[in-house]
Amino acid sequence: LVRFRPGTPTAEVAAALIAAGGERDGRISRLGVQLASVPANETGAALAELRSSDDVLFAEPDGAVRIVGTVTGDPLADSKPWPFTITRLVSAWEVTRGAPGVTIALVDTGVSAHEDLPTLLPGWDFLNEDADASDDHGHGTAVAGVLASLAGNGQGTAGVCSSCAVLPVKALGPDGYGTWSAVATGITWAADQGADVINLSLGAPGASMTVKSAVEYARSRGAIVVAAAGNAGSTTPFYPADFPGVLAVAASDEADVLYSFSNRGSWVELSAPGCASTTSLGGGWNEFCGTSAAAPFVSG
C-alpha cells in the first residue's frame with residue numbers, strides 16, 4: 001500500500017512502482033493509495049526503495065486484520081438483562097430507540113437477513129466486488145444483533161438502536177480475516193454513503209497508515225468511528241482502535257469490571273458489555289462475547 005504526495009504525476013507513480021519491482025493492482029481513490037504486488041521474497045527491498053523516494057508519504061505491507069469476537073453456538077431464547085441494566089439502556093429507550101435516518105455501517109464479515117433484524121440497507125462486498133454483502137461467517141450478523149435487533153417483537157433480544165438503519169460492508173471473509181486495504185476501502189465507501197457511525201469490530205496489533213487515512217476521511221465526512229480494543233488481555237495498542245479520533249471500546253462484565261480477555265490501557269476510551277445474546281447466522285440466537293460485542297453497544 002503506497003501513498004504518494006498529492007500532485008505526483010501518474011507517470012512518476014508508475015515508474016516508482018516499476019523501479020521497486022511492483023505491479024500495480026489498483027487504487028483506493030479516496031485516499032490516493034496505490035495497491036501494488038511484488039514477489040513475497042522482495043517485499044522488504046520494494047518497501048525500502050519506495051520509502052527512499054521524496055514523493056512517497058508512506059509505503060506499508062497490506063497486512064491481515066481479523067474479527068475480535070466469538071460466537072459460542074448456544075442458541076438463547078431471551079437476552080440476558082444485565083447488559084441493558086448496567087448501561088441504563090432501559091432509561092435511554094424511554095427517550096429514543098433511534099431513527100431510520102441514522103445510518104450505522106458495520107465493516108465486518110457482512111450481515112445476513114434475520115427475523116430479529118430490521119431490513120438492511122443495500123451494502124457492498126469488497127472481497128468479491130459485488131452488491132451481495134451477506135454474511136458467510138456469522139460474526140457480522142452477531143454484531144448487527146447487538147446493535148439493532150428488533151425491540152418489542154416478542155422474540156430474541158433487543159438491539160441498542162433498534163430503529164436505526166444498518167449498512168452492511170463486507171471486508172472480511174468466511175474465516176474472519178481480511179486485509180487492511182479492504183477495510184480501508186470499506187470505511188471510505190461507508191462514509192460516502194452517509195454513514196453517521198462506522199463500527200469496526202476487527203483489528204490487528206500493527207498500525208496501518210492506509211486505514212488511519214480512511215478513518216481521517218470518514219471523520220472529515222462527519223462519521224463517528226467506533227472500534228473494538230481487542231481480546232489479547234493486553235495493554236499493547238490495537239488498531240484501528242488506537243488511531244486518533246476513534247472510540248476504542250474495551251469489554252466489561254456484569255460487575256462492571258473488565259473481562260480478563262479484554263485489552264485495556266490509557267488508549268482505550270471506555271468499556272461496554274462484552275457478552276450478549278444476539279442474532280445467529282441462519283436463524284436463532286447465540287451468546288456472543290468479546291470486544292466485538294462491546295463495540296456495537298457504543299455504536300448504538
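**Thr210 and its surroundings**

Modeller: Let's start with Thr210. Leaving aside its neighbours within four places in sequence, Thr210 is in contact (heavy atoms within 4.5 Å) with Leu1, Ile28, Leu31, Val33, Phe58, Glu60 and Ala184. Before we go on: this is a predicted model, where local features need pLDDT of at least 70, side-chain atom pairs count only at pLDDT 80 or more, and totals for chains, interfaces and linings use all residues. Residues are numbered from 1 along each chain as its sequence is written, and side-chain values use heavy atoms, with hydrogens and water left out.

Colleague: OK, and where does Thr210 lie?

Modeller: In helix 7, residues 209-220. Helices (H or I, at least four residues) and strands (E, at least two) are DSSP runs, numbered from the N terminus.

Colleague: Is Thr210 buried or exposed?

Modeller: Thr210 counts as buried because its relative accessible area is 0%. Buried means under 20% relative accessible area, exposed over 50%, and partly exposed in between, with a 1.4 Å probe and protein chains only.

Colleague: Switching topic: how many residues are in the largest nonpolar core?

Modeller: It has 79 residues, and Val169 and Ile187 are among those with the most contacts inside it. The largest share, eight residues, comes from helix 6 (residues 180-192). A nonpolar core here is a set of buried Ala, Val, Leu, Ile, Met, Phe, Trp, Tyr and Cys residues joined through side-chain atoms within 4.5 Å.

Colleague: And what does Val169 contact, leaving aside its neighbours within four places in sequence?

Modeller: Its contacts include Leu106, Trp124, Phe126 and Trp189.

Colleague: Now the sheet. What's the strand order?

Modeller: It's an open sheet of seven strands, in the order 8-9-7-11-13-14-15, with parallel pairing. Two strands pair if DSSP finds at least two bridges between them. The edge strands, strand 8 and strand 15 (270-273), each pair on one side only.

Colleague: How many bridges join strand 13 to strand 14?

Modeller: Four, and the two strands run parallel. Val226 stands opposite Leu247 in strand 14.

Colleague: Last one: where is Ser112?

Modeller: In the loop between strand 7 (103-108) and strand 8 (124-125). Ser112 counts as buried because its relative accessibility is 14%. Its side chain reaches the backbone nitrogen of Asp135 at 2.9 Å. Leaving aside neighbours within four places in sequence, Ser112 also has contacts that include Leu117, Ser134 and Leu281.

Definitions and conventions
A polar contact is a pair of N or O atoms within 3.5 Å; within protein, one must be able to donate a hydrogen and the other to accept it, and residues adjacent in sequence count only if both atoms are side-chain atoms.
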